[in-house]
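Here is a short note to read beside the model. Keep the 3D view open as you go.

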Amino acid sequence: MDFQLKTLDRAGASGEKADALVVLVQDDFQSAGDELSRIVADARKAGDFESKAGRTLVLYRHAALTAQRAVLAGIGTGDAKGIRQGVLAAIGALKYHEGVKRITLVLPAQAGADGVRAAVAAAADGSYVYTTTKPKAEPRRIERVTLAVPDSASVKQDFAIARASVAGIEFAKEWGNRPANYATPTLLADAAKSLEGPGLKVQVLGPREVEKLGMGSFQAVARGSEEELRFIVLRYEGAGRDDAPVVLVGKGITFDTGGISIKPAAEMDEMKFDMCGAASVLGTFRALADLRPAVNVVGLIPACENMPDGRALKPGDVVTSMSGQTIEVLNTDAEGRLVLCDALTYAERFKPRAVIDIATLTGACVVALGNVRSGLFSADDALATALATAGDAALDPCWRMPLDDEYAEGLKTNFADVANVAGRAGGAVTAAKFLQRFAGKFPWAHLDIAGSAWKGGTAKGSTGRPVGLLLQYLLSQSAASRPTVRKTARKSAKA
């Protein structure tokens, strides 16, 4: 999908040649005496349209407009959240029309950088279509969205960030949405390799290399599957060699049956989404490759399936992690923490400034926070604040959860250094406490995205979260105030 930026006021938009014109209308909309302003004023006076966020009015072949169709979209007070709601509603009203391929989106003067980012993200999200395993599916019909703003030069860099963020989010969506047989650990590694380019290198380790590293916990999860594990290491170098990197660790369970502690059959198909943490790391690197910010970033993805064959890990087994700590596996469906703990130990070699793991880790987090906010766990106040701030700015919010030492009491066992599960109560917190044992040598945060990484029901599909949050955080860590935008095009999201 192509996005363009154009300096254009409402008066000019009336004569804009496009298949559809979308006009965002805030509560304090002021008429400038132009045709569009009069149209909005007449619609509001007649009671046919109100500016509440998400409300729309579709006009067809209005005599005062060049575009065949126009949509008035309410955005409430005009903040980023309202703009997102308005654009989503407008795109929803247009995306099934065969004749609508080019849209001009008229933003209010006060929208600013946050509004531009919200509009681009919403236009992409609202028009997204998954087609990889649906050969007869209708592809995305909307091909181009032009953002009309009063001064394009003032938001040019933020527009570039928004475009890169969308590319990353859609890369994450693509791999999150693929069925498990189209997104095996090997294919996930190939997806990572497709991102290689200037300043971005990828290394893929197989079973032998992982065994030499002593990743006994990761290996134990993988041994029940015929699909070989892959440990994927991505390195983006945007700053000097002496600059400590941020390390992103993404859970890459490409399908999770639960293992011997097998899951119920209902909705087990959604366990293809159990690698959305890994997909978010890939999506973030996709965006970094375009923006080239002055920061070093390492991505670590332990990728495997969790299957229940005769070699599979059994409840009560004790495994030895890369850190040397032994783990009693009381529940094989708590496998995500078993692959992440070895990746966290591996992260030590980079002497990182911060390590953030991202995982669809616990159903308990869904119970606690639903699908609105991701769970954020960290004992480092500065890191937690930076991530929460980034999430709010990117409209990809998280919520800080507790990490009191008392929560770790349930992980004690008579047969190993630690058990992989505690009791039912506080399950998201005890899972984080387990990971914290392996993250004592660097500032660390854990994002539990079990509720935010995908939607179920009729809207089933990956959300691409938390790519927006992660990218915003990394840009805030950049040594330069603004990233440099690459001029060369990247491969498509399906590469």
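The points below cover the ground rules, the cores, one serine, the ring pairs and a sheet.

1. Ground rules. This is a predicted model, where local features need pLDDT of at least 70, side-chain atom pairs count only at pLDDT 80 or more, and totals for chains, interfaces and linings use all residues. Residues are numbered from 1 along each chain as its sequence is written, and side-chain values use heavy atoms, with hydrogens and water left out.

2. The cores. A nonpolar core is a set of buried Ala, Val, Leu, Ile, Met, Phe, Trp, Tyr and Cys residues joined through side-chain atoms within 4.5 Å. Buried means under 20% relative accessible area, exposed over 50%, and partly exposed in between (1.4 Å probe, protein chains only). The largest core has 60 residues, and Leu 234, Leu 248 and Phe 285 touch the most other members. Helix H9 (residues 276–291) contributes the most, with 10 residues. Helices (H or I, at least four residues) and strands (E, at least two) are DSSP runs, numbered from the N terminus. A second, separate core holds 50 residues, including Ala 220 and Met 401.

3. Ser 374. This residue lies in strand S15 (residues 374–377). Is Ser 374 buried or exposed? Ser 374 is buried, at 1% relative accessible area. Its side chain makes a polar contact of 2.7 Å with that of Ser 452. Such a contact is a pair of N or O atoms within 3.5 Å; within protein, one must be able to donate a hydrogen and the other to accept it, and residues adjacent in sequence count only if both atoms are side-chain atoms.

4. Ring pairs. The whole structure has five aromatic pairs. Rings of Phe, Tyr and Trp (its six-membered ring) pair if their centres lie within 6.5 Å; planes under 30 degrees apart are stacked, over 60 edge-to-face, and the rest tilted. Phe 231 and Tyr 346 are edge-to-face, because their planes stand at 75°, with centres 4.9 Å apart. These two are 115 residues apart in the chain. Phe 273 and Trp 454 are stacked, at 5.2 Å and 15°. Phe 273 is in a loop and Trp 454 in strand S19 (residues 454–455), so this pair ties together parts 181 residues apart in sequence.

5. A sheet. Three strands form an open, mixed sheet in the order S12-S13-S17. Two strands pair if DSSP finds at least two bridges between them. S12 and S17 are at the edges with a single partner strand each, so one side of each has no neighbour in the sheet. S12 and S13 pair antiparallel over three bridges.
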